[in-house]
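Hi everyone, thanks for making time. I'd like to walk you through one model today, so please have the viewer open.

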Amino acid sequence: MQILRREDYRRMPWKNGQGMTEEILIFPPDSGLGDFDYRLSIAHVGADGPFSTFPGVDRSIGLLEGDGMVLSLSDGQDVALKQGSEPLAFSGDWAVSSRNLGSKTVDLNIMTRRSRFRHTMKRGNLEVLHGQATRPRPRTTTTTTTTTLAIFNGDATIIANGQTISLHRFDTLVFSPGDSLDLTITAQYDVFTVTLDAEHQS
């Protein structure tokens, strides 16, 4: 298990220059916006306008902070993301624009390059973390073949492998394939979970 602290995230402008991003994780580590296999980031959306396009990439977005936004998709749909909404999945090939419902929003984004990785993003109280229940429970040992990312939308305390870990808002836990995790969740927390699976190359 790896802990990624928000203070270590890389700050950078959007690909189209119309917003700011905190880059949490990118793979391969030396890749850029044009050749990553997957990328997890936090976007600060201060004004209405277009999203960057990412051809050949699948995306999901979830609201972390703010009153919400309406996304206008290239298939003609308008989709509202508000507090408590499930994340929205869409193609990075699409021309998408957003309109904030109040002041600025802060949003979580996962992007995976088609044919290399696929992903899911869910919002909940650790509901999908290694497929276990979210309520406080005894320690349980699990293994996984999937990379799981847990992004906390608030301060939290958990016990992992006997170690008490304090997390701050927007910190991320990374569970790599094959990790054996002895985890105790001490309370209910608002968290986004992202699962990543490599596509098999023929």
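I'll go from the whole chain to the sheet, the cores and then a few single residues.

A word on ground rules: this is a predicted model, so local features need pLDDT of at least 70 and side-chain atom pairs count only at pLDDT 80 or more, while totals for chains, interfaces and linings use all residues. Residues are numbered from 1 along each chain as its sequence is written, and side-chain values use heavy atoms, with hydrogens and water left out.

Let's start with the overall picture. The chain has zero helices and 19 strands; here helices (H or I, at least four residues) and strands (E, at least two) are DSSP runs, numbered from the N terminus. Of its 202 residues, 51% count as buried. For that word, buried means under 20% relative accessible area, exposed means over 50%, and partly exposed is in between, with a 1.4 Å probe and protein chains only. The accessible surface comes to about 9,300 Å², and 48% of it belongs to carbon and sulfur atoms; these areas come from the Shrake-Rupley method with a 1.4 Å probe, and for residues only the protein chains shown count as cover. If you take contacts between residues at least 6 apart in sequence, 68% of them join residues at least 24 apart, where contact means heavy atoms within 4.5 Å.

Now to a sheet. Four strands make an open, antiparallel sheet in the order β5-β10-β7-β8, and two strands pair if DSSP finds at least two bridges between them. Which strands stand at the edges? They are β5 (49-50) and β8 (78-81): each has a single partner strand, so one side of each is left without a neighbour in the sheet. Strand β7, residues 69-72, pairs with strand β10, residues 97-100, over four bridges in the antiparallel sense. To find this pairing on screen, look for S72, whose bridge partner in β10 is S97.

Next, the cores. In soluble globular proteins, nonpolar side chains tend to be buried together. In this model the largest nonpolar core has 20 residues, and I24, L40, I42, L108, L149 and V194 have the most contacts inside it. By nonpolar core I mean a set of buried Ala, Val, Leu, Ile, Met, Phe, Trp, Tyr and Cys residues joined through side-chain atoms within 4.5 Å. Two or more residues come from each of β3 (20-27), β4 (38-45), β11 (105-113), β12 (117-124), β14 (147-152) and β19 (191-198). Apart from this core lies another, of 13 residues, among them V45, F51, M69 and L73.

Is T172 buried or exposed? T172 is buried, at a relative accessible area of 0%. Beyond four places in sequence, T172 touches several residues, including L40, L149 and I151. The side chain of T172 also makes a polar contact of 2.9 Å with that of Y9. A polar contact is a pair of N or O atoms within 3.5 Å; within protein, one must be able to donate a hydrogen and the other to accept it, and residues adjacent in sequence count only if both atoms are side-chain atoms.

D58, in strand β6 (residues 57-65), is partly exposed, with a relative accessible area of 28%. Its side chain joins that of R114 in a polar contact of 2.9 Å.

For the aromatics, rings of Phe, Tyr and Trp (its six-membered ring) pair if their centres lie within 6.5 Å; planes under 30 degrees apart count as stacked, over 60 as edge-to-face and the rest as tilted. That rule gives four aromatic pairs. F27 and Y38 have ring centres 5.2 Å apart and planes at 15°, so this pair is stacked. F27 lies in strand β3 and Y38 in strand β4, so the pair ties together parts that are 11 residues apart in sequence. For F27 and F117, the centres are 6.1 Å apart and the planes at 75°, so this pair is edge-to-face. F27, Y38 and F117 form one aromatic cluster.

Last, some backbone details for your geometry checks. A cis peptide bond joins F27 and P28, with omega about -5°. F170 is not a glycine, yet has a positive phi of about 75°; F170 is buried, at 2% relative accessibility.
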